[in-house]
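This report is meant for someone meeting the structure for the first time. It begins with a single residue and widens from there to the chain as a whole.

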Amino acid sequence: MTTGTAASERALPEAAGSAIDEGVLAGIDRRSAIDAVRLRISTAILLGLLRPGERLPDQKELALGLSVSPITARRALTNLAEQGIVVRRRGRGGGTFVADEPPRQLLQELTAGPEEFTAIHRLVDRRLLFECAVTHYAALNASEEQLEGLYRLTERMAAATGWSEYHQADDEFHRLVARCSGMGTAVDEYNHALADLYAYFLPYPIEHLHNSNRDHIRLVEALRSRDVLAAVEVSRRHVAILHRTMFMGLLEDGETTP
């Protein structure tokens with residue numbers, strides 16, 4: 001079902017105060033940025049998303065893929081190397097690799113606890129609310145230039161050969177959808193919610209990410225058609241599935257492979 005809303009009817013409602021209770025998220029903030037990187041890499045190894053002997057991106061690319069500073073990435077990798085979870089090799093073909101036999105007990109100790117899972121599920125729900133809102137207004141207000149930008153980003157994700165490259169384009173894509181909405185300062189709140197959740201995203205096999213990109217392509221098609229209901233439903237499903245595909249869902253189910 002497409003919308004026939006006229007341009008004069010596209011004005012946004014007046015901003016209202018947020019009703020979201022962020023108190024449950026306070027515990028997450030106590031984890032340092034370095035510890036958060038250690039958790040994400042260790043959990044990815046524990047789940048089999050990063051496999052023994054697999055080469056990690058270089059320090060700069062790793063930092064971009066995990067949305068942290070290069071210094072944070074370097075210190076986290078140094079710590080993981082000291083613990084035998086990753087190994088560093090010099091010379092041609094060198095770099096940082098997942099250890100052939102990473103200590104499983106250490107990996108388990110570095111993962112998040114059940115109380116943190118609850119908080120992260122709340123982050124997913126928080127983003128879900130924002131995602132549906134910005135997508136609704138993006139379907140009404142996106143310019144042709146913005147829509148073309150979104151399409152080019154889906155092409156970048158389709159061509160990505162690694163999780164870091166994909167994540168950077170994915171981040172740009174969702175932030176551009178938010179800008180398309182024309183929701184003013186509410187876009188800043190969306191970006192905060194996105195960043196809070198991205199702080200817990202894991203390195204996933206590129207095949208999994210390419211499959212996720214199909215949602216992005218469907219979303220662009222719905223936005224081009226000005227089909228509000230279809231666009232919002234694509235976004236809703238795209239975010240809601242994180243309850244099962246982010247690491248807290250996998251660990252809660254007792255899974256150890258992707």
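A polar contact is a pair of N or O atoms within 3.5 Å, of which, within protein, one must be able to donate a hydrogen and the other to accept it. In this predicted model, such a contact, at 3.3 Å, joins the side chains of histidine 216 and histidine 174.

Histidine 216 lies in helix H10, which covers residues 206-224. With a relative accessible area of 1%, histidine 216 falls under the 20% limit and therefore counts as buried. Apart from neighbours within four places in sequence, the residues in contact with histidine 216 are Thr154, Met157, Tyr166, Asp170, Phe173, His174 and His238.

The chain has 13 helices and 2 strands. Strand E1 (residues 86-89) and strand E2 (residues 95-98) pair in the antiparallel sense over 4 bridges, and arginine 89 stands opposite glycine 95 in E2. Between the strands of this hairpin there are 5 residues, and in the hairpin glycine 91 takes a positive phi near 85 degrees.

For the chain as a whole, 46% of the 258 residues count as buried, while the exposed surface comes to about 13000 Å², with carbon and sulfur atoms supplying 51% of it. Among contacts with a separation of 6 or more, 78% are accounted for by residues 24 or more positions apart.

The confidence of the prediction also deserves attention: the chain averages a pLDDT of 85, and 83% of the residues score at least 70.

| Element | Residues | Mean pLDDT |
|---|---|---|
| Helix H1 (lowest) | residues 26-29 | 44 |
| Helix H7 (highest) | residues 144-159 | 98 |

Over residues 1-29 the pLDDT is below 50, and this stretch has 33 contacts in the model beyond near neighbours in sequence. Residues 254-258 likewise stay under 50 in pLDDT, and for them the model has 11 contacts beyond four places in sequence.

How values were computed
Residues numbered from 1 in each chain as written. Predicted model: local features only at pLDDT ≥ 70, side-chain atom pairs only at ≥ 80, totals over all residues. Heavy atoms only, no water. Buried < 20%, exposed > 50% of the residue type's maximum accessible area, 1.4 Å probe, protein only. Contact = heavy atoms within 4.5 Å. Pairing = 2+ DSSP bridges. pLDDT = per-residue confidence, 0-100. Areas by Shrake-Rupley, 256 points an atom, 1.4 Å probe, with all protein chains shown as cover.
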